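Keep the structure in view and follow along as we go.

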Amino acid sequence: MKVLVASALILVGSCATIRHSEKIDNLKNSISYNDKAVVNQYLNTINSSELKIHIEEVSSDKYKGRMTGEEGHNQVCDYIRGYYKSQNIKAPESHPDYYQIVPEDALPEELNESQNIIAYIEGSEFPDEYIYISAHSDHEGIIDGEIYPGADDNGSGTAAVLEMAEAFKKAVENGHGPKRSIVFLHVTAEEVGLHGSRYYTENPIFPLTNTISTLNIDMIGRVDERNKEENNENYIYVIGADRISTELDFIIQEANSEFVNLELDYKYNDERDTNRYYYRSDHYNFALKGIPVVFFFNGEHEDYTKPTDTPDKINYPLLAKRTKLIFATAWYLANSPNRLKVEII
């Protein structure tokens with residue numbers, strides 16, 4: 001009798017494994033770009049020279065390191081807002097100046113009120129479903145008399161969001177607008193504790209229950225020490241993509257294999273990783289609401305949080321390639337006939 005029970009358990013376990021592997025295969029096989037030529041058309045509008053213009057501007061010394069609540073950061077926010085206006089990318093109806101004010105009582109005591117910046121492109125078929133592309137706009141300010149420009153942290157993410165917004169707008173103008181709405185979110189106060197994204201998720205302008213995913217970008221313009229030693233720049237760290245939605249991770253993999261062929265590095269996605277990057281950037285506040293997220297990151301380098309993080313050290317072709325990966329991922333999420341599954345397989 002004991003032998004029969006053991007045999008039955010082995011059989012059940014084997015069948016369960018087969019069912020799981022088939023489910024994985026079916027999910028992977030369901031993800032494909034039927035409009036690859038169209039995606040490439042707008043993917044190729046993302047270029048190094050335009051990314052460089054944005055990074056050189058937001059990391060300029062005239063903004064004095066973009067400290068949350070200080071005039072320099074306010075001026076950078078005006079630059080970002082002005083860019084959306086120039087591209088005719090609209091603000092939310094409830095916030096027609098693009099600004100969501102983050103009050104002093106939502107920030108550490110020593111800081112003045114600040115603002116998140118929100119622009120969006122409305123979806124043609126599912127306008128009440130939202131994909132967020134986010135990056136923080138603040139940095140360290142001035143420390144001991146030295147300006148911290150933050151070209152990579154997070155000038156690179158800021159520039160990437162602006163460049164993707166322009167690409168999506170060009171698609172709209174040519175009749176290839178997204179089916180779902182895309183929200184371009186520049187949050188404040190990341191460097192002082194993720195306060196801007198926390199304020200947004202507690203006071204959302206668009207309902208979080210209808211938020212499909214948040215693609216967060218924080219430092220994607222450089223090569224970290226680990227990969228520099230290995231003479232490898234063709235990578236991007238992918239963090240958190242599989243923690244709430246297995247499908248999201250597979251979409252990123254498909255976008256990568258179809259369009260850019262970076263090495264997707266999951267080293268820092270390990271829940272045992274002592275750096276705990278998953279908890280250290282703005283996607284995390286969306287994850288706390290049960291929203292599938294991913295954090296795109298290049299890792300720490302010798303100029304991380306130093307006054308030497310300057311725009312001349314950005315690898316602009318690599319930044320463009322990484323931005324294209326994120327754009328292709330957002331394109332799929334926005335145009336898939338089916339809503340992203342919030343499910344771990």
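Lysine 170 is partly exposed, with 27% relative accessibility, on a scale where buried means under 20% relative accessible area, exposed over 50%, and partly exposed in between (1.4 Å probe, protein chains only). Its partner in a salt bridge is glutamate 166, and the closest N and O atoms are 3.2 Å apart. A salt bridge here is a side-chain nitrogen of Lys or Arg within 4 Å of a carboxyl oxygen of Asp or Glu. Glutamate 166 counts as buried, at 10% relative accessibility. Because glutamate 166 and lysine 170 are 4 residues apart in helix H5 (residues 151-173), about one helical turn separates them. Helices (H or I, at least four residues) and strands (E, at least two) are DSSP runs, numbered from the N terminus.

A word on where these values come from. This is a predicted model, in which local features need pLDDT of at least 70, side-chain atom pairs count only at pLDDT 80 or more, and totals for chains, interfaces and linings use all residues. Residues are numbered from 1 along each chain as its sequence is written, and side-chain values use heavy atoms, with hydrogens and water left out.

How many salt bridges does the structure hold? There are 15 salt bridges. One of them joins glutamate 129 to arginine 180, with 2.7 Å between the closest N and O atoms. This pair links distant parts of the chain: glutamate 129 sits in strand E3 (residues 126-136) and arginine 180 in strand E6 (residues 180-187), 51 residues apart. Glutamate 129 is buried at 16% relative accessible area, and arginine 180 is buried too, at 1%.

Another salt bridge connects aspartate 303 with lysine 313, where the closest N and O atoms are 3.3 Å apart. Both residues lie in the loop between strand E10 (293-297) and helix H10 (316-335). Aspartate 303 is buried, with a relative accessible area of 5%, whereas lysine 313 is partly exposed at 32%. These two residues also belong to a network of salt bridges that links Arg222, Lys228, Glu302, Asp303 and Lys313.

Isoleucine 117 is found in strand E2 (residues 114-121), and is buried, with a relative accessible area of 0%. Which residues does isoleucine 117 touch, not counting residues up to four places away in sequence? They are Cys77, Ile80, Tyr98, Tyr99, Phe184, Leu185 and His186, where contact means heavy atoms within 4.5 Å.
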